[in-house]
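Please find below a colleague's note, arranged as numbered points, to be read alongside the sequence and the model.

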Amino acid sequence: MADLPAITLRDVVKRYRDKDGSHITAVDGLTLDVPAGVCFGLLGPNGAGKSTTMRMLTAQSRADEGAITVLGHPIPAESKEARAVMGVVPQTDNLDEELTVRQNLEVFAHLYRVPRAGRRGAVDRALEIAQLTDRPGTRVVNLSGGMRRRLLVARGLVHSPRLVLLDEPTVGLDPQVRADLWGLIAALRDEGTTVLMSTHYIEEAERLADGCALMSGGRIVAQGTPGDLIAHHAGGSVEEHHGPPDRLAEIEALVRRAGLPTRRTGPTVSVLRAEHIPPSLADALGNGDRVVRRAANLEDVFVVLTGENVG
Amino acid sequence: MADTRLRRFEWAPVRGVWRRELALFRRYWTSTSFAATVEPTIYLLAFGFGFGSLLGHIAGYRYVDFVGTGIVATAALFTSAFPGMFNTYIRRIYQHSYDAVLATPVDVHELVAGEASWIAVKGGLFSCVPLLVALVFGLPPAAGMFAVPVFTVLTAIGFALFGVWMSTVVPSINSFDYVITGVLTPIFLVAGTFFPVDGLPGWARTAAHFNPLYHCVELVRHAAFGFRPLTDLGHVGALALFATLMWVLAVRGMRRRLID
């Protein structure tokens, strides 16, 4: 069982009907295996198909074509069994504002079928995860944004699931709360829980994901460990040149002639695989104050592959 | 947790929904009880004694007794249809609560069962309060009155599900005005609550028989003044049929709105 992937998607297609009657293909032939016991990142800009993919795993969205299994259960035929052993943390905060922290967790402990004997312990554990042991009686409406997000995560963990789906877990959070949640996600993975996380924060995926898939236009454009993807598509380092448009166009032309990929972001041209810049080109590009060298990242990979920015 | 095969319909989701509602009810029960008691009292005073002083007796009953029993059914309608419409709409559209619930091992029909059963039991029981008020105003007690909660809960199940269904039909929350004015008001008026349907034109009398509330009014009145077994079995059957039809429409509507 441990060797089986936690999630498999085979040639999955999802189309939506637009208001004018035309079809939009949100997910377009997606094939993906998420191994058990890892933290897997689904990366891509808004509209790439990440959230639709997440919804298909809980059968809240039904695939038009293809096959999906979650923890060995075919979806949607056995989606109820699959949902019993997975936890979902949505992007939209849908906590029950009128209830207290503890009541929110208790309701979901019921829904997740936590046996009566273990319910109190499960709720207490979730309170610890949310770091809200001192506020069980506080109504959700009175919690801060960070507390609410932690409670949202803890609610999806109240039944100790084997798989957790996190849809943009840290979007809109301040750095401290984001760091807290990253610690929590890393701890889950270390305990053997499979985590599937969609994100458009490159740093989040690089820090946490053992493997990731880059999505664009409903398809996977690249897949692998963050390190492999960066090494393969963007090389070791990136040289960023800042300057007026004419100078940037000149740099782009020079670099492309040398066969190296570039990336344009506002007033910056990034030269990828900068470690391969030949000395003659280095001289032509110059090395003044307006040049910065940095390590390549997944954002570079994404732009190279799709021409789009992730964030 | 070990993987277990789950049944198509389970009670755990219903208990989960009830757990939430009970937590809220513990906070709001005083205002709910106040409204449930004071409103029928005002109706009874206004109609029972206001109109009653002009009418005296109607269809063989004291007017205050006629209205007292009619208001029970009216309460069953309003305490179930309104929460069915508004609560369900707000939770689905604004609070996204159902998205959270359906990500757990709960299917749409179980969610609808949980929401509608709570509304129906709460609304059905509270709508018996006017009967107690009517007793205070001189309605003669009868053993059959113990069956009234059964009739009101059965009626409320149908109207709660009607509300859930309507919440999936309306394009916006303002569109409920059409439902209230165009559907609920006629149902409320042409059911024999404030005046007997016998006095209405033929077409309206026929229409009344298709009005679920009419069957509830008849059952409550018979519970207070004497059952007519065969007729009343027919009334119960009509209410059960209404509830079944609304169940099918509510579940289908919610599935269409929540699963894409």
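**Notes on the predicted model**

1. His96(B) is partly exposed, having 15 other C-beta atoms within 10 Å; on the scale used here, with C-beta atoms placed from the backbone, a residue is buried if 20 or more other C-beta atoms lie within 10 Å of its own, exposed if 12 or fewer, and partly exposed in between. His96(B) is not a glycine, yet its phi is positive, at about 55°, and its place is in the loop between α2 (63–93) and α3 (97–102) of chain B. Helices (H or I, at least four residues) and strands (E, at least two) are DSSP runs, numbered from the N terminus.

2. As to conventions, this is a predicted model, in which local features need pLDDT of at least 70 and side-chain atom pairs count only at pLDDT 80 or more, while totals for chains, interfaces and linings use all residues. Residues are numbered from 1 along each chain as its sequence is written, and chains are lettered from A and ligands numbered from 1 in the order in which they are written.

3. Arg273(A) also has a positive phi without being a glycine, the value being near 55°. Arg273(A) sits in the loop between β13 (268–271) and α10 (279–285) of chain A, and Arg273(A) is buried, with 21 other C-beta atoms within 10 Å.

4. A further backbone point in chain A is the cis peptide bond that joins Ile75(A) and Pro76(A), for which omega is about 10°. Pro76(A) belongs to the loop between β5 (73–75) and α2 (79–84) of chain A.

5. Taken as a whole, chain A contains 11 helices and 14 strands, and its C-alpha trace spans about 75 × 45 × 45 Å along its principal axes. Of the 311 residues in chain A, 47% are buried. Among the contacts in chain A with a separation of 6 or more, 70% are between residues 24 or more positions apart, a contact being two residues whose C-beta atoms, placed from the backbone, lie within 7 Å.

6. Between the chains, 26 residues of chain A are in contact with 26 residues of chain B. On the side of chain A that touches chain B, α2 and α3 (101–111) of chain A each supply at least two residues, and the largest share, six residues, comes from α3(A). By class, this side of chain A has nine nonpolar, nine polar and eight charged residues, where Ala, Val, Leu, Ile, Met, Phe, Trp, Tyr, Cys and Pro count as nonpolar, Asp, Glu, Lys and Arg as charged, and the others, Gly among them, as polar.
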